[in-house]
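Hi,

Here is the structure I said I would pass on. Have a look at it first, and my notes on what turned up follow below.

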Amino acid sequence: MSTETMPADRAASEVDPTATDAAPRRRSYWRLWAGVPRELGFLILTMPIAILGLVVVSTLFFTGIGTIALVFGIFLIVAALGTARGFGVLELVRLRGAGRPPIAPPVWNRNGRGSGFWRSLFEPFIDGHYWLYLLHTLIINPIVSIVTWSLTITWISAALGGTTSWMWRGFIPEYDRDLWLHEVVLDYLFPNNDFAIEPWLGETVFEFIVGLIFLGTLPFVFRGLTVLHDLIARGVLGAWRSEALEVEVTRLAASRGAAVQAEDASLRRLERDIHDGPQQRLVRLQMDLASIERAIDRDPDAARGMLGEAREQARETLDELRALSRGFAPPILQDRGLAVALESLAARSIVPVTVELDLPTDAALPASIERNVYFVAAELLTNAVKHAEASGIRLRVGLRDTGASGRWIDLWVTDNGRGGASAVPGHGLAGLDERVRGLDGVLVVDSPVGGPTSIGAHVPYVALAASDRP
């Protein structure tokens, strides 16, 4: 019979169920206080900035409306829209400085290229974001900021004034004062009370208690007012969801185009290699078989020798076809995994290759990722052998989990050759770059003249679920 020791924190939580909840609540309350200085700086400047924006933008906009018949008004309206955009951007920056999560700004130049004078002049009129920024500057922000600024001043004044009234109350003359707030509250709470409290002492204690209440709720109020501005800015000043989808579609289209181009280049290379190699051998084999057929009756000994040559020719053709197929789906990769396939790839190199692999057995890499990583490694090793004039190569492959950014497989090939490698269009590294970008990855080339050369391929992947693993 075995016994199990209960951890101390678990035992404490079972004895007192509130023990595990009180500490997080206390920590979250003090975290609110930690954000008070930044939120106070944001809130205290909100109304002055809002009023300044209202004055400047309304002057430009309504003057432009009044003089639009003189054409000059069009320029004033554009200036008003541009100025409103500036105040909106300032609001986003201030919210981020107040500790709020970043708000994705609108895509102002959707073309991704420069535009002429007339297009720049009339673009604000057809871009809805400019009018939303104008609405925020002229109407929404001034109204909301007056409310939040007034509450901010009220809470600060009540908190500081109430908790410090005992220090300065003696310097304020009371004269013939008949109304005391603490007496009003006591009469309301206890209608028939007969408390005999010195008025100035009762008033001081009452103001101190009220000050503590305002001081204790101050971080909640500041956070709520800041969140209110944040919600308004996200709805009015942030990018539209359709824009985010448009950017994602554009990115995916570019990735797909790069993958298609890379695959097309690979197929053309395979076609060229087959045409220059195995196809020529098969043509020769066909001619040899025709010669054997003609010589088999008149010269059996010569035909027997030609059969041996034909058999050797067929073996070499088969070996070459196998070598070509390894660039796409080598049997060792399918049977024994990426780590063993990379080690086999390095073992076949005529230049010594040091292999450093950090691939857990339960990595659960998709087959397409393994195949592409193998191909990239094979191409980089071949380039190093052919062009780098290197005496040593290092192949390093590992996995990386970045949390929010997902999981990545990192492949580095480093050689001590002459350097100077670059992804020139039409050459091998450019094709590799297209292949890696087609996988949403990044190809990094660091190859100064004189060496060494380090080329890294960083490819994101989604681990296979347990039910999908072979």
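**Aromatic pairs**

The count of aromatic ring pairs comes to 3. Please keep in mind throughout that this is a predicted model.

Let's start with F61 and W131. Their ring centres sit 6.4 Å apart and the planes meet at 85°, which is over 60 degrees, so this pair is edge-to-face. F61 belongs to helix α3 and W131 to helix α6, so the pair ties together parts that are 70 residues apart in sequence. Are the two partners buried or exposed? F61 is buried, because its relative accessible area of 12% is under 20%. W131, at 32% relative accessibility, counts as partly exposed.

Next come W155 and F214. The centres of these rings are 4.8 Å apart and the planes stand at 55°, so the pair is classed as tilted. W155 is in helix α6 and F214 is in helix α8 (residues 199-236), so here the parts tied together are 59 residues apart in sequence.

There is a cluster as well: ring pairs link F61, F62 and W131.

**Cavities**

How many cavities of 30 Å³ or more does the structure hold? There are 2 of them.

The largest cavity has about 60 Å³ of space. Its lining is made up of I49, A50, G53, F87, E91, H136, T137 and N141. The helices α3 (36-66), α4 (72-97) and α6 (128-168) each contribute at least two residues to that lining. By type, the lining splits into 3 nonpolar, 4 polar and 1 charged.

The second largest cavity comes out at about 50 Å³. Around this one you will find N372, V373, V376, I409, D410, L411, V436, A457 and V459. At least two lining residues come from each of α14 (367-387), β3 (407-415) and β5 (453-461). The lining of the second largest cavity divides into 7 nonpolar, 1 polar and 1 charged.

**One backbone angle to look at**

D440 is worth a click. Its phi is near 65°, a positive value in a residue other than glycine. You can find D440 in the loop between α15 (428-438) and β4 (442-446). With a relative accessibility of 32%, D440 falls between the 20% and 50% cut-offs, so it counts as partly exposed.

Cheers

How values were computed
Residues are numbered from 1 along each chain as its sequence is written. This is a predicted model: local features need pLDDT of at least 70, side-chain atom pairs count only at pLDDT 80 or more; totals for chains, interfaces and linings use all residues. Side-chain values use heavy atoms; hydrogens and water are left out. On a 1 Å grid over the protein atoms alone, a cavity is a set of points where a 1.4 Å probe fits but cannot get out, and a pocket is an open set with protein on both sides within 12 Å along at least five of seven lines; lining residues have an atom within 4 Å of a point. Grid points are joined across faces, edges and corners, and a volume is the space filled by probe spheres set on the points. Helices (H or I, at least four residues) and strands (E, at least two) are DSSP runs, numbered from the N terminus. Ala, Val, Leu, Ile, Met, Phe, Trp, Tyr, Cys and Pro count as nonpolar, Asp, Glu, Lys and Arg as charged, and the others, Gly among them, as polar. Buried means under 20% relative accessible area, exposed over 50%, partly exposed in between (1.4 Å probe, protein chains only). Rings of Phe, Tyr and Trp (its six-membered ring) pair if their centres lie within 6.5 Å; planes under 30 degrees apart count as stacked, over 60 as edge-to-face and the rest as tilted.
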